[in-house]
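Biologist: I'd like to learn how to read a model like this one, feature by feature. Could we go through it together?

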Amino acid sequence: MSAVTSPARPASSGMSARTLNRIVIYGLLALFAIFYLMPLFVMLVTSFKTMDEIQNGNMLSLPQSPTIEPWFKAWGQTCVGLTCAGIKGYFWNSIKMVVPAVLISTLLGALNGYVLTKWRFRGHTLVFAMMLFACFIPFQSVLLPMATILGSLGRFGATLQNATGFNFGLGNSTVNLVFVHVVYGLGFTTLFFRNYYEAFPTELVKAAQVDGASFFQIFRRIMLPNSMPIFVVTVIYQFTNIWNDFLFASAYAGTGDVMPMTVALNNVVNTSTGVVEYNVNMAAAMIAALPTLIVYVVAGRYFVRGLMAGAVKG
Amino acid sequence: MAFLEIDGLKKRFGNVEILKGIDVELEKGGFLVLVGPSGCGKSTLLNTIAGLEQITEGEIRVDGRAINDLHPSKRDIAMVFQSYALYPNMTVAGNIAFGMEMRGVPAAERQAAIDKVAKILQIGHLLNRKPSQLSGGQRQRVAMGRALVRDPKLFLFDEPLSNLDAKLRVDMRIEIKRLHATTGTTIVYVTHDQIEAMTLATKIAVMRDGEVQQFGTPAEIYNNPTNIFVADFMGSPAMNLIPAKIDGNGSALSVVLDREARQPIVLPMPGAPAGLSAFKDKQVIFGVRPEALTDPEGAERNGSSIATADCHIEVVEPAGSDTFAVTNLGGKGVVARLRADARIQPGTSTPLAFNLSKAVFFDPATEKRIL
């Protein structure tokens, strides 16, 4: 009897041990998830509460009488520094800076990756190593030199203005920020694209050469259309980084109408006139965070694998 | 003057010489196969003809015109790549028309050319598909279509069949041969498969270590290999290369093959090559292909010099169409090719007929053929 049951016993105890393991693992995961999502939850519920409820209620409780008034106020009326016209202007400042910066740095990264893998020249590894180095430079250390360069560019713009009547955007704060973000984004975008194109079949490039396609025709017709996955990764990465950047934004466009969203948000929260409107602040913060979320949700769908299927052997 | 001429072509990467002076020529409508083991430089040679690699020295002429400094697209060539290299983002029609598009051919003309090629290769129903929706054989056809549509002076094939399974490879090989026969194009074809080389080529260049070992028709390469490497590389199963001694009595030479624990086999060589007399009492490599070593009933009766000797059979491999028997001569396993129904048992002795008119001799020191 015991001989029959004994093999079953360790199996059942093993089963319960496994169940216990699962409980511990999922329990911990849930705990961390709650811990991580708690601030977001507080922000979200607070942004839909009235001030009375915030002052008298529990931080974690759901809004008793939900209102979207704080969101409208944050968007159109709240005070940033001394001007009280909401954050919408700054939101567009950020868009105007982020979109060109992301596109330019991504396209240049793609071009760099293309050259570094398919048009190799003597010393290409050194060039790539130096570009990689850019990924590891702490940005605080370049604040002052970059400010000097931007100042020179501004003076050059003023000279151009006098000579031609047009300054080509040099000296404009938004253009400055685009320039800075492109320069410091290039290291990463080049890294992404180089590694992707390293595995890209070189025979496609050779075939296109035999077909008579030029350097840029190959890039535009062959490389880019087959780079969707890495393009999406790079765009998400760059968009998130540049949109969320506070350091460069506050250093080179920290005052007045040219502030990007991150700096403006900081000023909303720091504006000390009367009572602190937590609901409006939270709504403003949510608005500031939305674009990166949207980019992830929209672009993430194109994160498809197997785009290269069929290029080479089956 | 030949149609394709390659003169003293050298290619160096830094200090490493990849191609060490290649001289090859091909007549119009010919089919040149570059064959050799991997790393022998055959693909590099093809790439230099295509213009995808620059050459260090020498000249490449097509139809009397030097092309070695021209851009690939200006050389009037088309290339089929090993991986097919179909553009994954374009349809089959787009792939075929891409070259014409780059050259600014009007859309109507492009369509006509696509239709013509699709008809030749029977890929009309595939024109709107993407490469990922095609099977291996279909991709192969599309890749050939992309080359055909250019109507170039020279077709270059870089191991085009190596990605296909065995059966499809044979089918496509016949298809390429048929295409060559019907269109009369001039083709340079790279492969490491000596059967592809033998079956397709009008001329074969056997390469090793950046040098052409032998250049000639398939029959020349097969029957008269210039050195041990070519003899060993071409043919399946490979030629038997047996260490042997030359014995002589006056001008009558004979080949002595040692055997373990048995009397050596002595084969009289009445029609021996002139150079062999210099090797009297010396070691040579005696080369005999499996089909020249067979059962006496299956041997060519009217062959000029057939010698029969009893051999101890170690292994018998029935292959369906033939039976291969392995015996030990000169310390090496030697393969004989017998009729399929040959009655033969492993572990017994049986007479084998050596067709000595097909035998070749090599100098073991230089590995060159003794003529």
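Biologist: Which residues of helix 2 of chain B are buried?

Modeller: Two words on bookkeeping before that. Residues count from 1 along each chain as its sequence is written, while chains are lettered from A and ligands numbered from 1 in the order in which they are written. This is a predicted model, where local features need pLDDT of at least 70, side-chain atom pairs count only at pLDDT 80 or more, and totals for chains, interfaces and linings use all residues; side-chain values use heavy atoms, leaving out hydrogens and water.

Now the general idea: buried means under 20% relative accessible area, exposed over 50%, and partly exposed in between (1.4 Å probe, protein chains only). Helices (H or I, at least four residues) and strands (E, at least two) are DSSP runs, numbered from the N terminus. In helix 2 of chain B, the buried residues are Val92(B), Ala93(B), Asn95(B), Ile96(B), Ala97(B), Phe98(B), Gly99(B), Met100(B) and Met102(B). That is nine of the 11 residues in 92-102, so helix 2 of chain B is largely enclosed by the rest of the structure.

Biologist: What covers the buried residues of helix 2 of chain B?

Modeller: Think of cover as contact, meaning heavy atoms within 4.5 Å. The cover includes helix 3 (107-121) and helix 4 (136-148) of chain B, together with helix 9 (202-210) and helix 10 (215-223) of chain A. Just after helix 2 of chain B comes Gly104(B), with a positive phi of about 75°.

Biologist: Since chain A has come up, how many residues does the contact take from chain A and from chain B?

Modeller: The contact takes 23 residues from chain A and 29 residues from chain B. The size of an interface is often given as the accessible area lost when the parts come together. Buried area here is what two parts lose on being put together, summed over both (1.4 Å probe). Chain A and chain B bury about 2300 Å² between them, and 58% of it is on carbon and sulfur atoms. On the chain A side, Val210(A), Asp211(A) and Arg221(A) lose the most area to chain B, together 31% of what that side buries.

Biologist: Let's step back to the whole chain. How many helices and strands has chain B?

Modeller: Chain B has eight helices and 20 strands. Its C-alpha atoms fill a box of roughly 80 × 45 × 35 Å along the principal axes. Of its 371 residues, 52% count as buried. Among contacts in chain B between residues at least 6 apart in sequence, 67% join residues at least 24 apart.

Biologist: Into which domains is chain B divided?

Modeller: Domain bounds come from an automatic or database domain assignment. For chain B they give domain 1 (4-233) and domain 2 (240-362). The C-alpha centres of these two domains of chain B lie 39 Å apart. Eight residues of domain 1 of chain B are in contact with six residues of domain 2 of chain B. Between them the two domains of chain B bury about 650 Å², 62% of it on carbon and sulfur atoms. Tyr222(B), Ile228(B) and Ala231(B) supply 67% of the area that domain 1 of chain B buries against domain 2 of chain B, more than any other three residues.
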